Amino acid sequence: MLTATKFFRVDDLMVQIYNNDAHMAQDVARIAQNYLQNLIKQQDTVAVLLATGNSQLKFLDALITLGGVDWSRITLFHLDEYLGITADHPASFRRYLREHVEQRVSMKQFHYLVGDALQPVAECDRYAKLLQAQPIDLCCLGVGENGHLAFNDPAVADFQDPDSVKLVKLDMVNRQQQVNTGHFSNLESVPKYAFTVTIPMICAAKKIICLAPETRKAKVVNQILSGDITTECPASILRRQPQATLFLDVNSASLLA
């Protein structure tokens, strides 16, 4: 069985470090599998918030490949989506999750943020009501190079946000990251606005799994764990979440003391 090589806690946040991202993905999948299996024994339905991005691919694949999860009892949501983008756009998070999750398992339901909704404010309200209709049992996250969670960039993140879902303007670091990771061909093609689940809604989840592998995340991981808890690094709020675990590989942990 693959396990972390280092475990430690920073404030309320548990941190686990692995030799590589493949080991990390396999062990986090096992952790998620056990958690979902136990929940399904205790309650009729389970609600899960999923992230997208390169950090999630190996984890999601490992979780589905492991089997042993009754997906028909699980309702899925996702954290964010670009404004104005269609469901079949190559960079659409709806497309990402449809291909990597929905087409591989038979879940109870998958609620998607409609990026090309004709009334974006009404779409925020619709999705917020769906999220608020039941507790979120598990939230799976990644971390942006600017410290964002979902699309809560530093300029728009609010630790006391009154909304559950909102429209935000994406900052340049975030938009450039989407180009660097191959989701868009150039900066001009990256949408300037997006829907996002807010920080308080994320932190309300009963369990939070945050995966942040790769060397390009080393700087922000160091900031999350060593800096102040502030919206200048939105993911630093995880240090106040005892139900959260931050999973790293040796590359993303390379700048830690």
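These legends walk through several views of one predicted model.

Local features here need pLDDT of at least 70, and side-chain atom pairs count only at pLDDT 80 or more, while totals for chains, interfaces and linings use all residues. Residues are numbered from 1 along each chain as its sequence is written, and side-chain values use heavy atoms, leaving out hydrogens and water.

**View 1. The chain contains seven helices and 11 strands.** Helices (H or I, at least four residues) and strands (E, at least two) are DSSP runs, numbered from the N terminus. The radius of gyration is 17 Å, close to the 18 Å that the globule rule gives for 257 residues, so the chain is as compact as a globular protein of that length. That radius is taken over C-alpha atoms, and the rule is 2.2 Å times the number of residues to the power 0.38. Along its principal axes, the C-alpha trace spans about 50 × 40 × 35 Å.

**View 2. Here is the inside of the chain.** Of the 257 residues, 55% are buried (under 20% relative accessible area, with a 1.4 Å probe and protein chains only). The largest nonpolar core has 45 residues; such a core is a set of buried Ala, Val, Leu, Ile, Met, Phe, Trp, Tyr and Cys residues joined through side-chain atoms within 4.5 Å. Another core, of 36 residues, lies apart from it and includes Tyr18 and Leu36.

**View 3. Leu79 is one of the core residues that touch the most other members.** Not counting residues up to four places away in sequence, Leu79 touches partners including Leu49, Leu113, Phe195 and Ile202. Contact means heavy atoms within 4.5 Å.

How values were computed. Buried < 20%, exposed > 50% of the residue type's maximum accessible area, 1.4 Å probe, protein only.
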